[in-house]
Amino acid sequence: MTTLLICLPLAAALIVWVLPMNPVSAGSLALLAALAEVGIWIQLLVRYDFAQGGLQFSDQHTWFSDLNVSYHVGVYGFSVWLVGLTVVVMAAAIAYGFWAGRERLRAYMGLMLFLNGAIVGVFVAQDLLLFYAFFEAILIPLYVLVGVWGGPGRMGATLKFILYTMAGSLLMLASIVVYGLSQHTFDLTQIGESSSQWIFLGFVAAFAIKAPLFPLHGWLPDAYRESSPEVAAVLSGVVSKAAAYGFLRIAVAKFPQPAHDFRAPILALAAIGLIYGSLLAFRAPDLRGVIAYSSLAQMGLITMGVFTVNDLGLDGSVLQMVNHGLVSATLFLLAGMVERRTLTGELGRLGGMARGRPALATVLLTTGVIALAVPLSSAFAGEFLILAGVFQRGWGWAVAGAVAIVLAAMYVLRLVSAVLHRDVGPAVSDSALDLRPAELGVTVPLLACLLALSVWPAAITQHSFRGDHGAADVAAQFK
Amino acid sequence: MVWGAWICLLSPLVAACAITLGGTRQSRRAAGYLATTSCFVAFVGAVASFIGLLGRQGGDRQIISTAWTWITGGSYQSGLQILIDPLSVFMMLVVSGVGALIVWYSIGYMDGDDEERRYFAYMALFVFSMLLLVQAGNLLLLLAGWGMVGLSSYLLIGYWHERPSAIAAAKKAFVMNAIGDATMALAFFLLIQKGNSLEFGILGGQFSSTVANLVALGLLGGAVAKSAQIPLHTWLPDAMEGPTPVSALIHAATMVTAGVYLIVRTHAIFEQAPRIADLAAGLGALTLLVAGLIALVQVDIKRVIAYSTMSQIGYMFVGAGVGSYPNAMFHLMTHAFFKALLFMAAGIVIHALLNEQDIRKMGGLRQFAPKTYWAFLFGSLALVGIFPFAGFFSKDSILAAAMAHGGWYGYLLWAAGLIGTLLTGLYTFRLFFIVWWGEPSAFVREHFHALRRDVVGVSMASTVGVLAVLSLIGGWIQFSPWWHPVETWLQTVAEPIVSPESWQEWLSIALSLLLGLSGIAVAWSIYGAKRLAVPRIAWAQRTLEHKFWFDEAYDALFYEPAVFLANLLRRGVEEPIITDSGRDLGDDTRDLGGLVARAQTGLVRTYVLAIASSVAVLAVVFVIVK
């Protein structure tokens, strides 16, 4: 089943690329495959035994036996949720790309499907080299998607993205090679804990670039601005979670001692990123800028949660990974929908779009208030748990988080007001329509997931880590 | 009974969702009726819970009903649970009762607004949120309700979203309240660390005095922000940008009094932190004076009433701070009646004058709207606390409690409360005489149009009537020197820690009546009979008109520095160092080789090649290192 989740989109990608289909059938096939992924995931969710926990639906085939490298995939409780996030957001992104009618749709859809398979692969791979392969495989379609289908500044954006991520990848590869060779296996379920600080830092650097963490986010504003909205949605919603997953699954779980030793500096970087991102989001001049920097802030928060290495922080960060993935994907898609109507994302030229466009106003406002973590929303539940966990590692960190809560209210309300309220902006013409049914069909399911999680956030927090071990005993979780 | 409480909580939520999803398929009027009905259903549910509790003995009057586990974090968990006890039922009755009346009134007031449905969806959402706040069975859920009322308040203040001033006021209210939410959250983190639980019961546990003080301080931060007490009060006057029924419901009768409810609900921790409780009372006393002074010079009819709200909540804070919980709650209830009445009557005036709120343009309205005149008079007398109106019964016992608190601090609070009574008489009747007495102004003659006897008129007039009756008789349920059912009812939840002597009661009653009447007399001689001139002291006038410069100070202290810092980071760090360094690097690389520059051709093999070559480089590096 896990293998099917990886292979289905890859196979669909191959079909879309190879067969001479017209754009409509290529798009339909891609969407069908993406929806089938959601269906398979629901099966996985229903059949995963949360009471037992641990690695399930695993599938192992030897690859290089002398190095103990194997094709080994499987899911843990918390990775079920991340896989779910991936397939849901990818389905929405593919549907939106199809509806928006991207040029050279066959190539585009093929890349999106490939991306889908690769991201799922990252979340289920149980072998370090396999993990690395998928981690890199994510980048290939992204380079092309940003570089070819992006906005006017796509060249520079792609270049920066490549340089940053390549640098990270090289460090991680070095760490993997040294780590695997020294432990005589690359199997994540078998490989022992290590106390090597250098290997740890190699992993952390790679994930910190991908997340990104302050100050390694140089690629972020441009990449999020220049890519098409659905790609930005995937980048910030899902791809960044691969990094958070890496922090949890590898950096914290396999390097308990270094993770403990480096806790303070990592928490500090994450907290700085949280405040810094929030402040920049507050002053960003355009829609995408606000969402991009808020994403930086949120990744800082999630990283803080992971590195608390206590129950509250870990449960909260898994929940918040899903929340933020859904929120920022929805926001980027909505930004794209607004930009489609106004041809600009500049906040100064927007405004007054609520009048006569109730669907847009309702969806944007609801997503916005979840993004600012209004109490009773799932984002509130996630942030609350993370900060409660962080508080136990030092109240100062939690105070920084509390300041960020206030800043989040400021930047989200600024965004919402700038689009919806006040006088009608110069770029908003009366002919700009309300959200079309297809656009609602893309955003409303994402929003519905968020609302469902708001009703029952414990769905994730209770079903992420094995019950009989505290989540804080990370190593025991993965045995 | 448990079902009654759940129905009470959920019926407004159902209505809010139905109106939102129904969209234009339903008529505007239908949305109004739906919201009103849901609030009346909630009231019925509250009454059912009340009757259910009445049938039980004192000690059994506490039922927790858990729907499911809402959130977990390791061994910590909080359920989606409601608490039915005398205090929550008391609040449920007030919130759903007054809420239903005001939503009903809105059918008339909002008639003809082209986004009426949105209004009623927000109102229903607010009533749900407020009920969640008062019914919450644990602190986390209380915080959830706390945030949700803040959200609905934001939505309703900014309801007329084309007005920049309304949007700015809405954002200000939300951000100010977010500060309070944040301090509460910090207090909760501390509780989780110390006790791994957010049940109400944990507050009674033994904490070191530092912990108790910090937790109480965090809670007080939330209470002060929500209840617009100094220093987090500046959002409330601006919140009058919202429609008048919103001001009546949210910014007078229910939400802004939530801070008082919070202190009473969590009194166990305040009793462990007496200094923080004193601080609460002190802030209340300060607020009641400052707000009373500012109200003297306001010229907007709603803002005068808004400042009087701040001032009255100040009294409640004094009551809750000194530990006279039942009296604070009692004043909360009577205040809900008479303040809602004042806002609604003012709403009729504003409606009749085509949305004019400037009292300088009003005058002599008595002959145009005699019934509203009487309603407004009832409300004003109740606000000043004149026998036999509602405010008389509730305010004086708070003063007596402050006196019984003892020490110089108790007497200070008492004196502040008495001076506040004088101010209340002054500003309330200044407003009253300016608006209703004298010769009708040209503006009034030209623009006044009376309510008709249709749905619009009836919905507005009947609500005002009901509230006028409540303002007259609502206070009689408790008269501290002789009978106190409110105190008995709340005894198991919030037993008062001060018990005034009977002479303290009577002295407070006599003095506050006297001062209230003198305030009215002075107002009458200046604005009614026009025998005295308004004293003009330039610096005082300026200070009051600038509302003691709080807004200016906060702008200079917090907002401007935040903007400055953000701009500094953007121009000084983000753009030159972080974003552009990548660009330069990129440019250099592009100059160096064509490989990366051709990245956008999308040739997969380019990337494979790049990755492979980097692997090769790395392998070499490792060989050399070894």
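Tutor: Two residues are in contact if their C-beta atoms, placed from the backbone, lie within 7 Å. This is a predicted model: local features need pLDDT of at least 70, side-chain atom pairs count only at pLDDT 80 or more, and totals for chains, interfaces and linings use all residues. Residues are numbered from 1 along each chain as its sequence is written, with chains lettered from A and ligands numbered from 1 in the order in which they are written.

Student: Which residues does Thr443(A) touch, not counting residues up to four places away in sequence?

Tutor: Start with its place: helix H17 of chain A, residues 437-455. Helices are DSSP runs (H or I, at least four residues), and strands (E, at least two) are too, numbered from the N terminus. Leaving out residues up to four places away in sequence, Thr443(A) touches Thr330(A), Leu333(A), Leu334(A) and Val363(A).

Student: Is Thr443(A) buried or exposed?

Tutor: A residue is buried if 20 or more other C-beta atoms lie within 10 Å of its own, exposed if 12 or fewer, and partly exposed in between. Thr443(A) has 25 other C-beta atoms within 10 Å, so Thr443(A) is buried.

Student: Which element gives the most to the side of chain A that touches chain B?

Tutor: In all, 72 residues of chain A are in contact with 61 residues of chain B. Helices H5 (128-149) and H6 (154-183) of chain A are among the elements giving two or more residues to that side. The most, 14 residues, comes from H6(A).
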